[in-house]
Amino acid sequence: IRAVGKKVGITIKPNTPATDVEPYLKLVDMVLVMTVEPGFGGQKLIPECLDKVREIRRMVQEQGLTTDIQVDGGINAANASLAAAHGANVFVVGTASFRAPDMKVALDDVKKAAEEAYGKSL
């Protein structure tokens with residue numbers, strides 16, 4: 001994958017333990033933590049999934065890696081700061097942006113909340 005100039009990622013679903021990705025961390029550029037069960041939009045974020053984000057961020061830091069941690073599922077301005085505080089630095093914002101009266105405002109609000117909690121520009 002990298003030989004053709006692309007980045008490598010791995011994804012875990014809500015019931016997959018965070019430790020399952022540890023053997024692969026040195027091989028990937030991003031870990032996507034699904035914060036809802038994949039299948040359809042509009043679901044609410046499962047808060048327990050953020051514990052996985054924290055655990056993966058800890059593993060990444062312990063190994064001295066720069067791996068991105070992405071969250072997808074129920075992300076909005078109200079919970080992006082919580083996800084960022086747990087270590088997420090990439091956010092998939094679907095329903096919260098598509099259903100917003102102004103998509104740009106909704107995305108800007110998510111970014112602002114996440115950056116304030118993460119402590120730097122994302």
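Start with the largest nonpolar core, which has 26 residues. A nonpolar core here is a set of buried Ala, Val, Leu, Ile, Met, Phe, Trp, Tyr and Cys residues joined through side-chain atoms within 4.5 Å; buried means under 20% relative accessible area, exposed over 50%, and partly exposed in between, with a 1.4 Å probe and protein chains only. Select Val33, Ile56, Ile75 and Phe91, the residues with the most contacts inside this core. Strand 2 (30–34), helix 1 (49–62), strand 3 (68–72), helix 2 (77–85) and helix 4 (103–118) each give two or more residues to the core. Helix 1 supplies the largest share, 6 residues. Helices (H or I, at least four residues) and strands (E, at least two) are DSSP runs, numbered from the N terminus.

A quick note before moving on: this is a predicted model, where local features need pLDDT of at least 70 and side-chain atom pairs count only at pLDDT 80 or more, while totals for chains, interfaces and linings use all residues. Residues are numbered from 1 along each chain as its sequence is written, and side-chain values use heavy atoms, leaving out hydrogens and water.

Now zoom in on Val33. Leaving aside neighbours within four places in sequence, Val33 is in contact (heavy atoms within 4.5 Å) with Ile12, Cys49, Lys52, Val53, Ile56, Ile69, Gln70, Val71 and Asp72.

Pick Gln70 from that list, and you're in strand 3. Is Gln70 buried or exposed? It's buried, with a relative accessible area of 15%. Not counting residues up to four places away in sequence, Gln70 touches Met30, Val31, Leu32, Val33, Val90 and Val92.

Next, select helix 4. Its buried residues are Ala106, Val110, Ala113 and Ala114. They sit on the same side of helix 4, because they cover an arc of only 95° around the axis, taken from the directions from the helix axis to the C-beta atoms. Covering the buried residues are, among others, helix 2, strand 4 (90–92) and helix 3 (95–98).

Asp102 caps the N-terminal end of helix 4, with a side-chain oxygen 3.1 Å from the backbone nitrogen of Lys104. After helix 4 comes Gly119, whose phi is positive, near 90°.

Last stop: Ser97, in helix 3. Ser97 is buried, with a relative accessible area of 2%. Leaving aside neighbours within four places in sequence, Ser97 is in contact with Met103, Ala106 and Leu107.

How values were computed
Polar contact = N/O pair within 3.5 Å; in protein donor to acceptor, adjacent residues only side chain to side chain.
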